[in-house]
Amino acid sequence: MEEAADSESIRGELCDVSVIQLHSDEAQPHHWHHPFPQRLSRSSGLLLHQDLDQFLLKAGLLKQPFTRQENTVIQTCVVASSGIAFSGGFGSYLFGMSERTAGKSTENKLAQDFKNPSLGWMVGFLFVVSFLGLFSVVPLRKIMIINYKLTYPSGTATAHLINSFHTPKGAKLAKKQVRELGKFLSLSFLWGFFRWFFTAGDDCGFAHFPTFGLEAYKHMFYFDFSTTYIGVGMICPHIINVSLLIGGMLSWGIMWPLIETKKGDWYPADLKAHNLHGLQGYKVFIAIAVILGDGLYNFFKVLSHTISGLLQQVGEKHLPISRQTNGGPSTSSTPSLVAQSVGCYDEQHHTQLFLKDQIPTLIVVASYLAIAAISTAVLPHIFHQLKWYYVLVIYVFAPILAFCNAYGCGLTDWSHASTYGKLAIFTIGAWAGASHGGVIASLAACGVMMNIVSTASDLMQDFKTGYLTLTSPRSMFVSQVIGTAMGCIVSPSVFWLFYKAFDDLGFPKSEYPAPNASLYRSMATLGVEGVSSLPKNCLLLCYLFFGAAIIINLTKDVADKKWARFIPLPMAMAIPFYLGSYFAIDMFIGSCILFGWEKINKAKADAFAPAVASGLICGDGIWILPNSILALAGVKPPICMKFLSRSTNNKVGAFLAS
């Protein structure tokens, strides 16, 4: 067993390539809609790998199934690569630098305030910033996993799933799960192909079906028949889906119509729809206020847990988090998962193997300093607005913030990489100022920070998985490095394919609206220009919603658990403020499907719902690749299915008859 854990399987890494490509095609477009899908990578990636494993066995290309350790190494590589799709900022800060995104938010654009995507500089940027997070927390793996006994719920659950594949009962269940995944993947792919035939023009097809009437459609309230969002809704907790729907109804059903009645008073009536000095400004900045309020509250909450845990560690050998829950969103079932995973092996055996492959601290520190030095020298050549001393300051504080994020993730299973990125936006933006390209400098700084803290928490999650599956930490680290390197090439390539294939990528009513790109750019603009640029009463509303987000979170934490689970999440409520309610309706339907399934047969729902949901997501995601190829080849859909009111239809009919 130890020999298997000591060496990384070559065939496993070769398998990584195909799984990573499929998973990148599936994962990246989700970041052009909202921030939650990056958390789906572990379950869907592992099931995709199991599907490929079964296919290779049946085709005779694989003599024996992958071992427990090979599955862990492959999973680590896939998660590391797909994580770049999130931390790379293709739906947030990086795309927010583009002239296309800048054109949606402001009319006066200076050359120093945007940088259009190019495959060369994107790959180079990711290579010089994505590895620092790995080296920043490696020396702390013994403290985090062995001494503190942090649970890392996603990593623990992944280990439990991998371990279950290698029991007779688990292997039988895994085969059934793979069949379900393949069935719904095929159905989702075919549905995506069918939908394509009806999208010959703007606002055509099932994605623009006015389910609740044309007036509701104008207010972004409709069902768009997306299997992706139905699948996401089946995986996300019910409270997230309900929060999204509540946020959409509150904003598009009440707030924006009321503010629109103030046109000509609060803001000029002749402004374009996406001008930040008009109604769009209220949508964007109120959403930002809620996101910042939620993010800062949870940041200080995790920070307080970190400090109290460290202080407690001084007087005790272990933190109590391994024995009881700490109120985090995902820790309630973790102790049982730990018991099930560790129960098969002696804990001392786990610890001995985990500590056997030591990665010398001197090499780790030297590698961090060397990469930081190279990055500090290279980044100002990619972004001339980002001065070398900005980068140096980030790298001085990055290990501390990476530790905080990795520790907080171990407690709550939630990475706050985007919150740390926003902190960099406002800090560097205010330092640089508008006249010195502060917008691009702050967005680039956000990317540097997000890549470091995100990869740090992902690595610790994977170390926890490796600890529970008896996998060599050195193999895990090498696999993480390989996966990160592959992600630095695959993710920008996928984004570049979409960017060239879809001219409307990033626009609000397009198939891929990328709302976070506008949000991040708006934060950067606010950071360098100040609040004086906001429309009338917008700042007051921002203060109110910022405070409301904190109060809601505080109420949720102090309320009895029986009632706290019904209180919506401010972060989720804020996403539809800018984007609309259509995807929230899809996700709510997915949540209803899962809820009904659990009521009918909970055991079967628990076993197969992740596979069904992953199939729906991956099938639609895989269809994106041929869709992009058709677009690049100039092949147009033959039919435009569009919906008109009776009066408009009569006018069109009269015009055609004349």
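A helix here is a DSSP run of type H or I with at least four residues, and helices are numbered from the N terminus. I start there because the helix numbers, counted from the N terminus, come up throughout this talk. The model on the screen is a predicted one.

First, the overall picture. The protein chain has 29 helices and 0 strands. Of its 658 residues, 56% count as buried. Take the contacts between residues at least 6 apart in sequence: 83% of them join residues at least 24 apart. The accessible surface of the chain is about 26,900 Å², and carbon and sulfur atoms account for 66% of that.

Now the surface. Which residues form a nonpolar patch there? They are Trp388, Tyr389, Leu392, Val393, Val396, Phe397, Ile400 and Trp431, and together they have about 800 Å² of accessible area. The most to this patch comes from helix 19, residues 388–412, with 7 residues. Trp388 is in helix 19. When you look at the numbering, keep one general point in mind. An α-helix has 3.6 residues a turn, so residues three or four places apart point the same way.

Gln385 is buried, because its relative accessible area is 6% and the cut-off for buried is under 20%. Leaving out residues up to four places away in sequence, Gln385 touches Gln112, Tyr390, His436, Gly437, Ile440 and Ala441.

Next, helix 21, which covers residues 438–468. Helix 21 has 31 residues and reaches 45 Å from its first C-alpha to its last, close to the 45 Å expected at 1.5 Å a residue. Is helix 21 enclosed or open? Of its 31 residues, 31 are buried, so helix 21 is largely enclosed by the rest of the structure. One of the residues in helix 21 is Lys464. Lys464 counts as buried because its relative accessibility is 6%, and buried means under 20%. Apart from neighbours within four places in sequence, Lys464 is in contact with Ile145, Leu150, Thr151, Tyr152 and Thr156. Just after helix 21, Leu470 takes a positive phi of about 60°.

Just after helix 23, Gly530 has a positive phi of about 90°.

On to the cysteines. How many disulfides does a search of the whole structure find? The search finds 1. That disulfide joins Cys204 to Cys640, with 1.9 Å from S to S. The pair links distant parts of the chain, 436 residues apart. Cys204 is in the loop between helix 11 (168–196) and helix 12 (214–218), and Cys640 is in the loop between helix 28 (602–632) and helix 29 (646–657). The torsion about the S-S bond is about -55°, so the disulfide is left-handed. Cys204 is buried, at 4% relative accessible area, whereas Cys640 is partly exposed, at 37%. Cys488 is buried, with a relative accessible area of 0%, and Cys592 is partly exposed, with 39%.

Last, two loop residues. Met220 is in the loop between helix 12 and helix 13 (227–235). Is Met220 buried or exposed? Met220 is buried, with a relative accessible area of 6%. Met220 and Trp252 are 32 residues apart in sequence, and their C-alpha atoms are 7.3 Å apart. Not counting residues up to four places away in sequence, Met220 touches Trp252, Leu579, Gly580, Ser581 and Tyr582.

The other loop residue is Ser118, between helix 6 (99–105) and helix 7 (119–129). Ser118 is partly exposed, with a relative accessible area of 31%. Along the chain, Ser118 and Tyr499 are 381 residues apart, and their C-alpha atoms are separated by 9.8 Å.

Note on methods
Residues are numbered from 1 along each chain as its sequence is written. This is a predicted model: local features need pLDDT of at least 70, side-chain atom pairs count only at pLDDT 80 or more; totals for chains, interfaces and linings use all residues. Side-chain values use heavy atoms; hydrogens and water are left out. Patches are made of residues with over 30% relative accessible area and no salt bridge: like charges are joined within 9 Å, nonpolar side chains (Val, Leu, Ile, Met, Phe, Trp, Tyr) within 5 Å. Accessible areas come from the Shrake-Rupley method with a 1.4 Å probe; for residues, only the protein chains shown count as cover. A salt bridge is a side-chain nitrogen of Lys or Arg within 4 Å of a carboxyl oxygen of Asp or Glu. A disulfide is a pair of cysteine sulfur atoms within 2.5 Å. Buried means under 20% relative accessible area, exposed over 50%, partly exposed in between (1.4 Å probe, protein chains only). Contact means heavy atoms within 4.5 Å. The expected span of a helix is 1.5 Å times one less than its number of residues.
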